[in-house]
Amino acid sequence: MKERRSSSGEYVVHREVFNEPRLDEVAQKGMWSTKPTVGEQIKESLRCSVPRLKHTVLTWIPVLSWLPHYSIRENALGDLISGCSVGIMHLPQGMAYALLASLRPVLGLYTSFYPVLVYFIFGTSKHISVGTFAVISIMIGSVTERLAPDSNFIINGTNGTEDLNIAMRDSMRVQIACSLTVLAGIFQILLGVVKFGFVVTYLSEPLVRGYTTASACHVCVSQLKYLFGVKPARFAGPFAFIYTLVDVCRQLPQMKVPELVVSLVALAVLIVVKEINACYRQKLPLPIPIELIVIIAATLITHFCGLPETYGVNVVGEIPSGLKAPRAPDPTFFSQIIGDAFAVAIVGYAVNISLGKTFALKHGYKVDSNQELVAAGLCNAIGGCFQCYAVTSSLSRSLVQESTGGKTQVAGVVSSVIVLITILKIGSLFEDLPKAVLATIVFVNLKGMFKQFMDVPFLWKTNRVDLLVWLVTFISTVLLNLDLGLAVSVGFSVLTVIFRTQLPRYSILGNVPGTDLYLDTEKYRAAQEIPGIKIIRSSATINYTNAELYLEFLQEKSGIEIEKLQAERKKQKAKQKCEQEKEKTKNRKDAKMKKKDMSHHSNTTNSVKDLQPSERNVFTVNMDERNQNHVALKPMDSTINSFSKGKINRAYQTDSNMSDSDSDTCDPSYEDITEISHQGGGGERASGSDIHNVILDMSTTSSVDTVTVKMLKNIFRDFRAVDLNVYLAGCQACVVEQLEMANFFSESVPKSRLFVSVHDAVLYIRIRLGQSDFTTCLFYSSPLVAVASSPFNGGEMRHFDMAAGCHGNTRELLPRQQAFYGMV
């Protein structure tokens with residue numbers, strides 16, 4: 001085997017035609033396994049040593065691996081500036097997103113403190129900012145409002161009025177949110193321990209983007225009541241989005257104009273300054289902390305102008321100073337929130353790992369998906385005991401942390417210090433902050449999510465199936481709420497994968513002249529089908545979902561209907577049997593007549609002796625003519641008798657012009673007779689098709705199941721019944737092993753029917769058929785035949801014996817090569 005390259009980029013390879021047994025021999029396939037046995041794996045997992053213990057500790061607690069090597073000179077300044085910027089963003093976003101969860105604003109500050117410290121110890125991403133997030137907050141809010149609605153806390157007031165016990169309601173909602181957070185954290189930890197980080201792969205990017213866009217719509221509708229100062233009824237379950245939006249619109253005539261003015265002014269200021277930050281981000285050393293500035297200004301104006309007393313502007317209210325003692329969650333809620341907790345765990349991790357891998361790819365480091373799952377679970381499980389609700393990374397804060405020079409997780413510690421100072425000392429100063437201002441902060445921060453609507457025209461041009469996933473996810477999440485919407489979205493996404501597998505594209509391959517390439521004849525005009533050979537390829541793995549479709553396509557494109565051909569074959573056999581019976585009857589009659597004539601001839605001979613010489617001559621001539629008529633039947637009688645012994649393929653009509661050398665072949669086998677029938681120019685295929693060989697390109701198949709193996713066996717059996725040879729090409733090593741384990745190979749389906757490539761199979765077929773319309777050199781190295789092929793460009797097929805150096809015609813030599821014919 002050798003390869004020659006030219007300066008123009010072309011190459012010529014001289015090698016054998018490899019089928020699977022020959023490839024195993026040449027490539028020295030081994031039966032050994034480098035994979036340790038189950039016992040060895042268990043033994044290795046139980047083995048304890050100092051290096052193994054150190055590796056385990058550093059894996060589960062990543063801070064111990066990178067903090068000792070922390071460079072103060074290179075990273076300290078960037079982490080300090082970045083941490084201050086993110087900490088300032090934590091304050092308004094924490095209080096605003098707490099309202100989304102239907103919790104008191106101070107819980108948003110707690111959520112921006114404890115989980116960040118936990119992630120500093122156990123996280124592996126250097127740039128994401130863990131804390132409150134709009135989508136997770138709205139998911140928590142839907143649960144707290146469902147299990148603790150306002151209607152459950154109505155008390156009878158004075159003068160027959162009804163009052164709302166806000167303190168009791170808020171306390172109950174805190175317990176529900178903390179229980180949900182701890183349960184979600186437990187799910188994440190368990191999934192991380194069992195290395196289930198790949199679960200996020202089932203959440204495709206179109207699904208996540210469609211889901212977050214729909215969640216942004218839910219967030220906006222939930223904040224409309226603060227912008228307009230109205231009090232719509234609370235709805236839960238399917239179509240809650242529609243009911244809430246209709247109720248808000250119905251109450252617009254009763255909206256509070258002062259709150260609307262506050263909202264519009266704050267919204268205008270936030271939008272303008274954020275656009276300035278975006279336009280001049282390269283020139284500004286730090287982005288303008290407009291959110292914090294708006295909060296401080298709105299709090300001062302509200303306090304000194306007396307807006308709550310004068311105009312009834314709704315404010316945040318009491319914000320307690322100091323930290324709360326840890327408290328275990330209430331397990332009685334677990335049975336009611338288990339589904340919501342799992343949804344929060346999956347969505348939170350999906351957002352976390354997607355952002356983490358994005359920044360890791362940009363800055364050239366690795367994020368451990370399983371460790372990220374454990375870190376997120378610990379953030380939630382520990383934070384839930386300190387009155388925090390579920391967290392994940394925020395896109396806006398993470399971008400600020402990365403763009404302001406953050407290098408490591410130390411930036412998160414700096415931001416936590418700022419939040420801690422706010423909780424301990426200055427948190428109470430924000431009691432007069434209007435809730436409308438927090439709502440506008442939420443609106444502005446959702447700008448990035450609303451930009452995801454531009455995915456629709458992009459996906460329309462690139463991938464319609466992904467567009468369908470995006471639209472179904474968005475619509476189902478908007479209409480059915482966040483929990484049911486996520487379930488429907490994942491189910492539909494999985495169905496698209498199933499449909500893509502079940503409905504692959506099937507192709508007929510043709511050869512590109514001058515190359516060994518075989519391409520789809522419908523896509524490439526230069527690809528030409530090889531006469532008599534049908535090459536089939538599926539674009540997806542063949543399994544039980546599409547095996548029947550694959551068989552139908554094979555029969556359709558090959559023009560062969562197995563059932564119909566088998567019925568016709570039975571009719572032909574019955575007809576041939578009938579003709580044979582007639583012929584035998586005729587032969588018996590002729591034999592009897594011959595015997596009678598011979599007896600009559602004997603009697604006549606005796607009487608002829610008594611005749612005159614002239615009369616005797618006339619009688620002898622007449623008898624010779626009659627005997628010649630019977631002698632002419634002898635060759636046909638011999639042929640029929642030999643064919644009736646089962647040594648001929650009766651799917652073909654024998655060529656009447658066959659030479660004596662062909663007809664005198666001694667004891668031909670089934671396949672030899674098949675080849676003779678194929679080569680016979682006057683023969684007509686009983687199948688009615690000019691196809692004599694079928695090649696199944698299995699290069700796209702990564703595995704085979706029992707249904708696929710059974711289907712392939714049936715193909716070989718049924719096609720052999722109508723005298724069609726079937727070959728497999730391009731099987732991967734794992735597929736070959738699976739076929740061997742399934743006992744696919746047998747005497748009727750030898751392993752030599754597998755070829756390394758389609759081109760190998762085509763060359764083998766054409767050599768067997770003795771076709772010489774392409775140039776091929778055969779290098780014989782007894783007992784195997786080595787073939788080096790150039791494309792089908794015409795010319796005579798020649799060979800030379802490397803041992804003796806003698807030349808000859810290939811068609812003369814091939815019948816003498818027992819090993820060659822033994823390959824199939």
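**Burial, charge and confidence in a predicted model**

Biologist: What share of the 824 residues in the protein is buried?

Modeller: Buried residues make up 45% of them. The model is predicted. To be called buried, a residue must have under 20% relative accessible area.

Biologist: How many helices and strands does the protein have?

Modeller: There are 33 helices and 16 strands. One of the helices is H10, residues 205–228, and Lys225 lies in it.

Biologist: Is Lys225 buried or exposed?

Modeller: Lys225 is buried. Among residues beyond four places away in sequence, it touches Val230, Pro232 and Arg234.

Biologist: Why is there no salt bridge for Lys225?

Modeller: Check the distance. The nearest side chain of opposite charge, Glu145, is 4.6 Å away. A salt bridge needs a nitrogen within 4 Å of a carboxyl oxygen, so Lys225 has none.

Biologist: What pLDDT does the protein average?

Modeller: The average is 78, and 79% of the residues score at least 70. Over residues 614–688, though, the pLDDT is below 50. The model still has 77 contacts for this stretch beyond near neighbours in sequence.

Biologist: Where else does pLDDT stay under 50?

Modeller: Over residues 772–824. The model has 118 contacts there beyond four places in sequence.

Biologist: Why be careful with such contacts?

Modeller: Where pLDDT is low, predicted coordinates should not be read in detail.

Technical notes. Residues numbered from 1 in each chain as written. Predicted model: local features only at pLDDT ≥ 70, side-chain atom pairs only at ≥ 80, totals over all residues. Heavy atoms only, no water. Helix = DSSP H or I, 4+ residues; strand = E, 2+ residues; numbered from the N terminus. Buried < 20%, exposed > 50% of the residue type's maximum accessible area, 1.4 Å probe, protein only. Lys, Arg positive; Asp, Glu negative; His and termini not counted. Contact = heavy atoms within 4.5 Å. pLDDT = per-residue confidence, 0-100.
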